[in-house]
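Take a look at the fold below. How are its sheet and its nonpolar cores put together?

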Amino acid sequence: MEEQQQTVHSTTSRRLKIIAGADDFGCGLKDELVTQLRSLNIEVEDLGTSKYYSIGEEVGSRVHQAAKNNDGTETRGLVACGTGTGVSIFANKFPGVYAALCLTPGDAQNARSINNCNVLAVSGKSTPTTVAIEILSTFLDTPFKSPCPASGSEPWPEEIQSFLDRSVEEMSKIGDNNVSVVDPPCFICSLAKSRQDKDFTPVDVMPGGSMKLLRETPTSAIVRFKAGSVEPAHHHTFGHDLVVMRGSKCVWNLSKGEKYDLGVGDYLFTPAGDVHRVKYFEDTEFFIKWDGHWDLFLDEDLAAANAAIESENK
């Protein structure tokens, strides 16, 4: 029964779990270290192999989330790529994650003692398995603030101990301030807001509409229509994508017999040649991109369009 219990290392009084992952250049070494961890009865969640930036991000995210949950388990990470640098960069994108590339056991001892490192990054290209196992063992067994090569293998002086004590709380706040964060506006919305009414040119064949070209070919533009405006049935040589940024509209794809009610954030693709009619319920603004150069061919006049819409609403 005792052999089935998990080993708890001297650095923590809590149950220990390791989240591991690597890219193609580090997977061999990672697999060896995962085997070593399991031989020590340490729980391992092996995320397998992916691009170095993807696996670094995934391990960092998991360690960050586990630290927030604080469920009685200490969760650390193990990442590997060709050099160990790439995976550590992307693991470190998350508050409370302190990933360090360690090429020697001394590096691991310093990283644990000084930085409270909780994600070990190793190099699959330059670190032999035997050395990597020593590095891993040091990472597991070195407590925070313990003597290390940087301290001359002596206990840290009292003033350094005090600094290290403060550093844990201060580091954990970096990138995770408890303030309300407003998502920045998307590029398209920012671009639209920067345009003045004078920048928009009326669309003569579509009363109530105006357009600001952003690019000629393939054409992209910001388009505005006043509330109550109607686009008579028409089609284009090229298909187009649009995203509604303000207001609401209804699009009838007459070629397919389909109807779409669109509001802020909604997207619609209309294939080349599809005949479509549009009604605007309020002042509306949208970004549109054609697959080629913009053109427009009317398939009905405005009176016919209004009559068709009125007939549907009866």
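The report covers the sheet, the helices on it and the cores.

This is a predicted model, in which local features need pLDDT of at least 70 and side-chain atom pairs count only at pLDDT 80 or more, while totals for chains, interfaces and linings use all residues. Residues are numbered from 1 along each chain as its sequence is written, and side-chain values use heavy atoms, without hydrogens and water.

Five-membered order first: an open sheet of 5 strands runs 2-1-3-5-4, with parallel pairing. Strands are DSSP E runs of at least two residues, helices H or I runs of at least four, numbered from the N terminus. Two strands pair if DSSP finds at least two bridges between them. Strand 2 (43-49) and strand 4 (99-101) are the edges. Strand 3 and strand 5 run parallel and share 5 bridges. One of these elements, strand 5, holds Val122, the bridge partner of Ala80.

**Helices.** Angles run from 0 to 180 degrees between N-to-C directions, with axes fitted to C-alpha atoms, for helices over the stretch in contact.

| Helix | Strands touched | Angle |
|---|---|---|
| Helix 1 | strand 1, strand 2, strand 3, strand 5 | about 165° with strand 2 |
| Helix 5 | strand 1, strand 3, strand 5 | about 170° with strand 5 |

**Cores.** A nonpolar core joins buried (under 20% relative accessible area, 1.4 Å probe, protein chains only) Ala, Val, Leu, Ile, Met, Phe, Trp, Tyr and Cys residues through side-chain atoms within 4.5 Å. The largest has 24 residues; Leu37, Leu78, Leu120 and Leu140 touch the most other members. Helix 5 gives the most to this core, 5 residues.

Note on methods:
Buried < 20%, exposed > 50% of the residue type's maximum accessible area, 1.4 Å probe, protein only. Contact = heavy atoms within 4.5 Å.
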